[in-house]
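Subject: Structure handover, salt bridges

Hello,

Please find the structure below. My notes on its salt bridges follow.

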Amino acid sequence: MSKRKIKAVYLPVGECIAQVQEMLRERLCHQQLPDRPEGVEAQHKHLLELLKRTAVHGESNSVLIVGPRGAGKTMLLQCVLRDLLGEQEVQKNLLQVHLNGLLQTDDRIALKEITRQLHLENVVGDKVFGSFAENLAFLLEALKKGDRSSSRSVLFVLDEFDLFAHHKNQTLLYNLFDVSQSAQAPIAVVGVTCRLDVLELLEKRVKSRFSHRQIHLLSNPTFTEYVERVQTQLSLPDDFPDSKFAQEWNASVQTLCADKSVEEVLQRHFNSSKDFRSLHMLLMLCLSRLSVAKPAIRPADLLDASRLCFADAKANMLHGLSILELCLIIAMKHLNDVYEGEPFNLQMVHNEFKKFLQRKSNSMYNFEQPVIMKAFEHLQQLELIRPVDSSSAKTQREYQLMRLMLDNSQVMEALQKYPQCPTDVTQWAMSAFG
């Protein structure tokens with residue numbers, strides 16, 4: 001019996017690289033939900049049962065999902081919602097409201113967003129409500145079905161939950177927990193936060209209405225798992241069109257992960273943050289360097305990408321300053337050393353700058369007072385210097401007390417990278433840091 005030969009497909013290198021980039025970008029940027037979240041099966045089951053009781057049986061609940069950033073809190077919630085909405089009965093009955101503490105900064109904005117997400121803008125119209133509770137009760141009442149006896153279940157997801165605790169009187173939290181406890185309408189409140197002490201932020205009346213259910217996710221991957229994640233994310237699947245290219249690519253990824261310099265880079269990122277999202281950012285930067293001439297990721301690409309990830313934004317900002325602004329920063333460093341970190345004002349900086357000018361016969365640094373004032377204000381706009389306190393705003397601008405928001409290493413790095421920096425300025429700076 002003759003075996004059928006499978007014809008191998010060989011694509012041009014350029015086409016292969018384009019497909020690799022498209023496939024891996026999709027994988028790194030649009031994280032696909034796993035069929036079953038690994039390591040959190042118990043939490044998944046608990047949350048699914050809780051929300052099902054609200055969606056199907058109309059039982060109100062409240063729960064907090066607590067864990068550090070990157071632990072998989074949002075992924076767990078999304079997996080649960082996907083499984084929950086797979087049921088026909090839930091699809092027809094469950095409404096969702098997603099709020100974020102970074103966006104809904106006060107209860108008025110939050111209430112508007114709740115109204116918008118529940119599509120009740122026309123129902124509310126120009127009605128005026130006496131209180132937040134009255135407004136929320138009206139919204140929930142409007143969701144009741146035609147027979148007025150049964151109401152649609154509403155799931156409230158509060159991301160960055162701890163920020164809602166800073167709202168005045170915690171009115172939103174109080175009313176949501178009050179409704180969930182008193183069974184006025186079937187609602188589930190799910191808070192997502194990375195603060196372990198979140199319950200301490202709640203007022204007594206809010207805390208008494210919360211169910212005190214907490215789901216903890218304490219992700220703590222080992223470095224070996226971290227490196228395995230790199231290999232998994234960069235590996236191509238078996239069904240890649242050009243199998244020969246895929247084999248070579250996967251072998252190069254294996255070699256890359258075994259490299260000593262790569263291991264050091266990954267160890268530094270692992271020590272900085274165990275969040276896989278920052279790792280995906282690093283891998284994306286490496287991926288963008290692929291070309292026909294460089295069809296594989298090399299250790300040098302990972303090193304360059306790592307430097308970009310750890311780049312000091314303030315030090316980079318210094319590269320765009322004028323010579324005058326750089327001289328003012330050096331004068332501030334001199335003052336910091338002389339007065340042991342005490343705040344300074346423009347007049348003191350100008351006097352220090354004049355001392356430097358007296359040593360020079362060159363007139364290229366002779367600037368008028370308004371020009372120096374403008375440079376000083378620009379440094380303040382860039383937040384390289386900041387006022388000591390807000391009350392100093394009433395003080396004359398030349399005498400406003402300021403602090404420098406840079407350290408020696410940042411200034412020295414900027415001087416070394418500054419294009420054609422005058423030698424005398426560099427020497428003056430060295431005397432400040434010497």
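Buried means under 20% relative accessible area, exposed means over 50%, and partly exposed covers what lies in between, computed with a 1.4 Å probe on protein chains only. By that rule E352 is buried, with a relative accessible area of 12%.

This is a predicted model, in which local features need pLDDT of at least 70 and side-chain atom pairs count only at pLDDT 80 or more, while totals for chains, interfaces and linings use all residues. Residues are numbered from 1 along each chain as its sequence is written, and side-chain values use heavy atoms, with hydrogens and water left out.

A salt bridge here is a side-chain nitrogen of Lys or Arg within 4 Å of a carboxyl oxygen of Asp or Glu. Searching the whole structure gives 14 of them.

E352 pairs with K355, with 3.5 Å between the closest N and O atoms. Both residues sit in helix α18 (residues 346-358), 3 residues apart, about one turn of the helix. Helices are DSSP runs of H or I with at least four residues, strands are runs of E with at least two, and numbering starts at the N terminus. K355 is partly exposed at 47% relative accessibility.

D301 and K294 form a salt bridge with an N to O distance of 3.9 Å. D301 is buried at 2%, whereas K294 is partly exposed at 26%.

E59 and R53 also form a salt bridge, at 2.9 Å between the closest N and O atoms. E59 is partly exposed at 32%, and R53 is partly exposed at 28%.

Regards
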